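Dear colleague,

I am passing on the structure we spoke about, and I would be glad if you could look through it. My notes on what was found follow below it.

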Amino acid sequence: QVQLVESGGGLVQAGGSLRLSCAASGSIFRINAMGWYRQAPGKQRELVAAITSGGSTTYVDSVKGRFTISRDNAKNTAYLQMNSLKVEDTSVYYCNARIRPSLLRNEQDYWGQGTQVTVSS
């Protein structure tokens, strides 16, 4: 069974920084992509940033230039460095990983439990 463990959320003032971490463990043959999503109350979950196994990245327009996603393949861990945080970044952030558990199993998406990020003015 695959498990994603998130950490790094918390309370920060506008303009500050946080770094989220997501560590995958369990049966893992290959992690094809990892990403961070966020969902605020009353809103649909949106993709914030994603990174492929080859290192290609994508970001939602609202965080470009402020957030950076990275991964450490040896540790099966993804990071989201969040700088110049804004109040509107306040949300629950969820880690997502597209993982092939074994050679005989198809890839599927796995989700972390979510971590709260609150940005105060």
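In what follows, a strand is a DSSP run of E that covers at least two residues, a helix is a run of H or I of at least four, and both are numbered from the N terminus. Please keep in mind throughout that this is a predicted model.

With those terms in hand, the protein reads β-β-β-β-β-β-β-β-β-β-β along its sequence, which corresponds to eleven strands and zero helices.

As for the overall form, the radius of gyration of the protein is 14 Å, and this agrees with the value near 14 Å that a compact globule of 121 residues would have. Taken along the principal axes, the box filled by the C-alpha atoms is roughly 50 × 25 × 25 Å. Of the contacts with a separation of 6 or more, 56% are made by residues 24 or more positions apart, while buried residues account for 39% of the 121 residues. The accessible surface of the protein is about 6600 Å², and carbon and sulfur atoms contribute 46% of that area.

On this surface there is a nonpolar patch of about 390 Å², which is made by Phe29, Leu103 and Leu104. One of these residues, Leu104, sits in the loop that runs between strand 9 (91-100) and strand 10 (108-111). Is Leu104 buried or exposed? Leu104 has a relative accessible area of 81%, and it is therefore classed as exposed, since that class begins over 50%.

Asn76, which is placed in the loop between strand 7 (67-72) and strand 8 (77-82), has a phi near 50 degrees, a positive value in a residue that is not glycine. Ser84, in the loop between strand 8 and strand 9, likewise has a positive phi near 50 degrees without being a glycine.

Key
Residues numbered from 1 in each chain as written. Predicted model: local features only at pLDDT ≥ 70, side-chain atom pairs only at ≥ 80, totals over all residues. Heavy atoms only, no water. Patch = residues over 30% accessible without salt bridge, like charges linked within 9 Å, V, L, I, M, F, W, Y side chains within 5 Å. Areas by Shrake-Rupley, 256 points an atom, 1.4 Å probe, with all protein chains shown as cover. Salt bridge = Lys/Arg side-chain N within 4 Å of Asp/Glu carboxyl O. Buried < 20%, exposed > 50% of the residue type's maximum accessible area, 1.4 Å probe, protein only. Rg over C-alpha atoms; globule rule 2.2 N^0.38 Å. Contact = heavy atoms within 4.5 Å.
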